[in-house]
Amino acid sequence: MRAYALMIGVAAATALAGCSGDGRLMNIRAGQTSPDEFAILPTRPLSMPPDLAVLPTPTPGGANLTDPNPQGDAVAALGGNPARLADQGIGAVDQALVAHASRLGTDPSIRATLAAADLRWRKRNARRPLEVLFNSSVYQRAYAPMALDQRAELLRWQRAGAVTPTSPRPQTR
């Protein structure tokens, strides 16, 4: 009698786990409701400038002198120029590349189009019952048909005569 009750309990738990509506591919607990302790950054200390006439003009809703800038601080600590992090448009060396890539026009809604196509793909490759039960990631399985075979591609380029100095010699299969 106990064995039957145990089997019914296991079957009920399995059925309940299979009813999960979590459609995410990567199950990294992205839906947590607790605060993110890494999102809190300390502000810089207030200081009095040597001359009040050289203060920058206020920018309502913009950046403040005491706002944290972790990326800029890291670049400065490593000896770089934090001003280079600001978006300065397309560089002169990339102008020809951008012009060639956009020669046939661009689609302003490409992100929405790709997001809809990816959503359809993920729905077709949804999690299977055992993957739901064991809370495993299905990302690699879902996107395996789109993955590039690195060795086959390297061999193709080497056979075509491309110089690949950092890669090992081609192995014959």
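Trainee: In which segment is Pro 168 found?

Mentor: Pro 168 is found in the segment after helix H7 (150-159), where a helix is a DSSP run of H or I with at least four residues and a strand a run of E with at least two, numbered from the N terminus. This is a predicted model, in which local features need pLDDT of at least 70 and side-chain atom pairs count only at pLDDT 80 or more, while totals for chains, interfaces and linings use all residues. Residues are numbered from 1 along each chain as its sequence is written, and side-chain values use heavy atoms, with hydrogens and water left out.

Trainee: Why does Pro 168 count as exposed?

Mentor: Its relative accessibility is 59%, and exposed means over 50%, buried under 20% and partly exposed in between, with a 1.4 Å probe and protein chains only. Pro 168 therefore counts as exposed.

Trainee: What makes Tyr 139 and Tyr 143 a tilted pair?

Mentor: The search of the whole structure finds one aromatic pair. The ring centres of Tyr 139 and Tyr 143 are 4.9 Å apart and the planes stand at 45 degrees. Rings of Phe, Tyr and Trp (its six-membered ring) pair if their centres lie within 6.5 Å, and planes under 30 degrees apart count as stacked, over 60 as edge-to-face and the rest as tilted. The pair is therefore tilted. The two residues are four apart in helix H6, so about one helical turn separates them.

Trainee: Why are Tyr 139 and Tyr 143 placed in their burial classes?

Mentor: Tyr 139 has a relative accessible area of 35% and so is partly exposed, whereas Tyr 143, at 16%, is buried.

Trainee: Why is Glu 131 called buried, and which residues does Glu 131 touch?

Mentor: Glu 131, in helix H5, has a relative accessible area of 14% and is therefore buried. Not counting residues up to four places away in sequence, Glu 131 touches Ala 126, Ser 136, Val 138 and Arg 141, a contact being heavy atoms within 4.5 Å.

Trainee: What is the phi value of Asn 135?

Mentor: Phi of Asn 135 is near 50 degrees, a positive value in a residue other than glycine. Asn 135 sits in the loop between helix H5 (129-133) and helix H6 (139-143). With a relative accessible area of 34%, Asn 135 is therefore partly exposed.

Trainee: How do you know that Arg 44 is partly exposed?

Mentor: The relative accessible area of Arg 44 is 33%, so the residue is partly exposed. Arg 44 belongs to the loop between helix H1 (2-18) and helix H2 (70-77). Leaving aside neighbours within four places in sequence, Arg 44 is in contact with Leu 65, Thr 66, Asp 67, Asn 69 and Asp 73.

Trainee: What is the pattern of the protein chain along the sequence?

Mentor: The pattern reads α-α-α-α-α-α-α, with seven helices and zero strands. Of the 173 residues, 8% count as buried.
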